[in-house]
Amino acid sequence: MLRRLIFLLFVSLMLFFVGFYYSYNSENRYGENRDYIDISSDWRDGGDYVRVVFLGSYSCNFSNNSDVHHMVNYTDKKIDKIADERGLDYYSTGISLGMNSDRGVSYLGEVGDFNEIVAGAGSYNFGAHYLQNELDASRITPQIWILRSEYEIILSENREVDEIRRNEEILRHDAGTYGLRELYEWFKDSSEHHVATELGLSD
């Protein structure tokens, strides 16, 4: 009986240390491999950003096909390059309608390499509601926005964040497959200088 208790105690201790080691190393690996967006050397100064926002759905044939994926990804990379060459920070947001968040995340991963994603909740999707309330958007898919976002950080006397104010300007909005193709063709047929000038991002 005593030998059995000692054996069980030994096994319990081994499992504890193995679990602790795995947990510690998993957290470290996650922290090292995460792809952080470099928003500013001092984010408390606020910032001026260019953002591409994509709204789609894994269950919509019009927004879940290889042509749309390619056009959205091309737009993402094009605007990123234009913003970078003009000293502007850039990030992209992907929003997937549909109840299943796992399928939404997987779908957005196929569409492009977004800095931020919102997926799941169906008609109550938070990202879609923001677009509808703040940008007067409909809920059709696919849609794409190019935005200029200015952030102002209001700090307390202790240098803690009191408020974050954001001013959003729509530089361009295209809806539906034909709208995305028109945007894509415009990018293909225009110089980067022309695109930047038309969007108000020129030097």
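In this predicted model, Ser92 is in contact with Arg51, Val52, Asp76, Asp113, Phe114, Asn115 and Glu116, leaving aside its neighbours within four places in sequence. Ser92 belongs to strand E2, which covers residues 89-97. With a relative accessible area of 0%, Ser92 is buried, since the term applies to any residue under 20%. A separation of 53 residues along the chain lies between Ser92 and Trp145, yet their C-alpha atoms are separated by 9.9 Å.

Attention now turns to the nonpolar residues. In soluble globular proteins, nonpolar side chains tend to be buried together. Here, the largest nonpolar core has 28 residues, and those with the most contacts inside it are Val50, Phe54, Val72, Ile79, Ile146 and Leu199. Two or more residues each are given to this core by strand E1 (47-57), helix H2 (66-85), helix H3 (101-111), strand E4 (143-155), helix H5 (176-189) and helix H6 (192-199). Helix H2 provides the largest share, 6 residues. Apart from this core lies another, of 10 residues, with Val53, Ile95, Ala137 and Trp145 among them.

Two packed helices are described by the angle between their axes and the distance between the axes. For H2 and H3, the angle is about 65° and the axes are 8 Å apart. These helices are therefore roughly perpendicular to each other, because angles of 65 to 115 degrees count as such. On the H2 side, the contact is made by His69, Val72 and Asn73, and on the H3 side by Tyr107, Glu110 and Val111. Sorted by class, this contact has 3 nonpolar, 2 polar and 1 charged residues.

After H6 comes Gly200, with a positive phi near 80°.

Conventions: Residues numbered from 1 in each chain as written. Predicted model: local features only at pLDDT ≥ 70, side-chain atom pairs only at ≥ 80, totals over all residues. Heavy atoms only, no water. Core = buried A, V, L, I, M, F, W, Y, C linked by side-chain atoms within 4.5 Å. Buried < 20%, exposed > 50% of the residue type's maximum accessible area, 1.4 Å probe, protein only. Helix = DSSP H or I, 4+ residues; strand = E, 2+ residues; numbered from the N terminus. Contact = heavy atoms within 4.5 Å. Axes fitted to C-alpha atoms, helices over the stretch in contact; angles between N-to-C directions. Parallel < 35°, antiparallel > 145°, perpendicular 65-115°, else oblique. Nonpolar A, V, L, I, M, F, W, Y, C, P; charged D, E, K, R; others polar.
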